[in-house]
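Hi,

Here is the structure I promised to pass on. My notes follow below it.

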Amino acid sequence: MRAITVKDRDAGVGGLALTELPHPHAAENDVIVRVHAAGFTPGELTWPATWTDRAGRDRTPSVPGHELSGVVTALGYGTTGLTVGQRVFGLADWARDGTLAEYTAVEARNLAPLPADVDHVTAAALPVSGLTAWQGLFDHGRLTTGQTVLIHGAAGGVGSVAVQLAREAGARVIGTGRAADRDLAGDLGVDTFVDLQAERLEDIGEVDVVFDVIGGEILDRSTALVRPGGTLVTIARPVTVHPADGRAVFFVVEPDRARLADLAARVRDGRLAPIVGAVLPLAEAIAAFTPDKRTPGRTIVRVAED
């Protein structure tokens, strides 16, 4: 099968190649998925799990990409809850070969059924962004109706989903980004937008929840905005500056079949729309790791036609 692989850690993006790999084997509780569309994070090449397995052993050449939508073609021993021929989407394990391939092996528990009226490209843009947004806002941030949430990167892949979920939950949403993001953020439902390059973040006042995807000095400055009893949540890096009278949480997204199914239902019903930017064939996926310009939405790799 064809796959994007990487085997030279020092080469960075230059080490990516379109190669032929053996067809994956379904271990116990695995399924084999014929990948129709896949998502990835450009920063994956810096993640330790891209290069080593859970025991710390070299696992190159490895396949990047961890979001997928496709069709089950085989079941491993003991696998339950899914069937051959079923449309599925979900999140592949960080320390195993990923989804930028024609076929991949995934633990069945990391996948959810995909409704027939949700296309594979849209579904592939949903697992990381959708689960991260939900877990950040509600599982860790404990956001409730009537509260105010500050969402950094409101027009980005995670931020745009977080805005939509927070609005549906009845929260007031303050979003940040660049000037070019203002209109999109407004369309998504942001009540107040802050241009981080031209406006003072500190002028927004106190909020109940900060949801950060940026890190750096923006994360540190945001701690002062958390009102007593509030929560600062970030996916960028461990927190070093904490709110004076509140919680601070750094987390890494976790698979969740039930939540994936809920997110897919929201997409199907028109209550949630992940933003898809460029859609590229597998042969052009390498170029997407180093885009020559910033574009809105997630870049998705179409591996097979529906």
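**Helix α2 and its surroundings**

Pro127, Gly130, Leu131 and Trp134 in α2 meet Arg259, Leu260, Asp262, Leu263 and Arg266 in α6, where contact is heavy atoms within 4.5 Å and helices are DSSP runs (H or I, at least four residues; strands are E, at least two), numbered from the N terminus. By class, that contact has five nonpolar, one polar and three charged residues, with Ala, Val, Leu, Ile, Met, Phe, Trp, Tyr, Cys and Pro as nonpolar, Asp, Glu, Lys and Arg as charged, and the others, Gly among them, as polar.

Before you go further: this is a predicted model, so local features need pLDDT of at least 70 and side-chain atom pairs pLDDT 80 or more, while totals for chains, interfaces and linings use all residues. Residues are numbered from 1 along each chain as its sequence is written, and side-chain values use heavy atoms, without hydrogens and water.

The α2 and α6 axes (lines fitted to C-alpha atoms over the stretch in contact, angles from 0 to 180 degrees between N-to-C directions) sit 10 Å apart at about 105 degrees. The two helices are therefore roughly perpendicular, a label for 65 to 115 degrees.

α2 is mostly covered, with 12 of its 14 residues buried (under 20% relative accessible area, 1.4 Å probe, protein chains only). Leu137 is one of the buried ones. Leaving aside neighbours within four places in sequence, Leu137 is in contact with Arg142, Leu143, Val149, Ala162, Leu165, Ala166 and Phe211.

Cheers

Definitions and conventions: Parallel < 35°, antiparallel > 145°, perpendicular 65-115°, else oblique. Buried < 20%, exposed > 50% of the residue type's maximum accessible area, 1.4 Å probe, protein only.
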